[in-house]
Amino acid sequence: QVLVHRWADLPSGPCVRSPGRCGSVQNAMAKAQVSLAVMGPSQSGKTTVLGKLSASLDAFDPEAHRQVQDLAWELGRPAYAHGWMLDRLQDERELGSTVLSSMQRFESSNCSYCAFDTPGRQDLARNYLSVMSLADVAVLVVSAAQGEWEAAVDSGTVKGLALDSFTMGIKHVVVWVTKMDDYTVQFDSARYEEIKKAMTAFLKEVGYKLKDLPVIPVAGLSGENLTSKSSEMPWYAGHSAIEALDSLGEMNRPAEKPLRLPVLKVHDVPDVGCVIVGRVETGSIRPGIKVIFSPSGLVAEVKSLLRAGKKLSEAQGGDVVSVNLSGVEACELRRGMVASNSSDVAADAESFMAQVVVFDHPGIRAGYCPAIMVHTSQVPCEFEELLSRVDRKTGNDAEAHPASAKSGEVVKVKMRPRGLVCVESFSAYPPLGRFAIRDHGKTVGVGVIKEVTKRPVPKPRSENQYFDS
């Protein structure tokens, strides 16, 4: 129930904008669409800084925002006057920490952004990993406050988030160094340079090849350097937070491929019916077409599409949308399913061949069965056979059928899901062809799918009106 209530506003969207600041709805739809995953260690200030940025860009409903501000002041917690627009659950407000991912839209003069505020606690990794599969850009938020930065590094959280971003295929990264106004920092340039150097090293180590990593010093409470340059940091000559995002430009979308839309959330909306939320990874979707869900083989017709509370005639690659469906019940669909069309039907995997990089494991052997995170799905998956060990320098096979694979090694493997899941080869559908291997709350490896053996698409129940009898 908590999940449903938390995302129940997605069809209408939480964003109401002032025409004077953000322009007309038509202009908003014409802008480049970019999705962000805002991530960081617990208590790094990511919700505060995202809330302040959204407020500065007039992204909140004025009446709802006023009520939250009044509540925060009444409870003696004025620092949460903007962040509580994102943290809406009672538990979140009492703990001062995000539990469930929430979505917030805002606009600059150039782009329309869909930002996902994610939990920072490592025991809630499943909540933020599924959201990361929707993101074009990872915004890594780290605290500059003395003790907080050191704790995040020592725990491995910062490096882990960088690794997860790379694993889930997020190509663009921006770093926000928050709490520059903290009494232990006082806008110190040396502290900023220390963190910038470390973050650049972490991102390069996990695989990012960035010529110029945007590292932005900001203050979430006062709003320094979020939408304009800060007079408190005259030593900083780079972009503000919103300028750094705008400088990334329009994202490349593989629109020529058939439809693939992994499901993130499913709602049963009164007087509306079944509504799914997800990102169009490839292809396009529009009202009136029929979509097929895998796993299950269920078929539904698209009644309408919504983005930012506005109806669309078509959604294309990269769009995060709410899709109203007919022909299926909400209870029949779940997170991790993939919608496709008849031109190239998605099917669940019997087994698949993959190339795996082991990051942190003493020895993976045949029979090992961790969980894999692929697009919005998480499923147990067995290492059925280790086919070969790969030489990392040449890319050639160095040893056939190794007994095990330990940290730092690359192996080709045959894997068999122990639950229903739809995956694709990376060469055909990159967003559905990469996965993270999770064990005991940490990422122990990553993989790229080379070849998939698919199950036949099951025939749906007889009362599904969109299949011939």
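**Close-up 1. Charged ends over rings.** In this predicted model, the charged end of R260 sits over the ring of Y429, 4.2 Å from its centre. R77 is placed over a ring too: its charged end lies 4.5 Å from the centre of the ring of Y80. A charge sits over a ring if NZ of Lys or CZ of Arg is within 6 Å of the ring centre and within 35 degrees of the ring normal. Residues are numbered from 1 along each chain as its sequence is written, and side-chain values use heavy atoms, with hydrogens and water left out. Local features need pLDDT of at least 70 and side-chain atom pairs count only at pLDDT 80 or more, while totals for chains, interfaces and linings use all residues.

Close-up 2. F166 lies in helix 9 and Y208 in the loop between helix 10 and strand 6 (215–217), so the pair ties together parts that are 42 residues apart in sequence. Helices (H or I, at least four residues) and strands (E, at least two) are DSSP runs, numbered from the N terminus. F166 is partly exposed, at 35% relative accessible area, whereas Y208 is buried, at 5%. Buried means under 20%, exposed over 50%, and partly exposed in between (1.4 Å probe, protein chains only).

**Close-up 3. The aromatic cluster of Y192, W235 and Y236.** These three residues form one aromatic cluster. Y192 is buried, with a relative accessible area of 3%, and Y236 is buried as well, with 13%.

**Close-up 4. The largest pocket.** A pocket is an open set of points on a 1 Å grid over the protein atoms alone, where a 1.4 Å probe fits, with protein on both sides within 12 Å along at least five of seven lines; lining residues have an atom within 4 Å of a point. The largest pocket is lined by 40 residues, and G169, I170, K171, F426 and R434 lie nearest its centre. Strand 22 gives the largest share of this lining, four residues.

**Close-up 5. The second largest pocket.** Its lining has 23 residues, with Q43, S44, G45, T48 and K179 nearest the centre. Helix 4 (residues 46–56) gives the most to this lining, with four residues.

Methods. Rings of Phe, Tyr and Trp (its six-membered ring) pair if their centres lie within 6.5 Å; planes under 30 degrees apart count as stacked, over 60 as edge-to-face and the rest as tilted.
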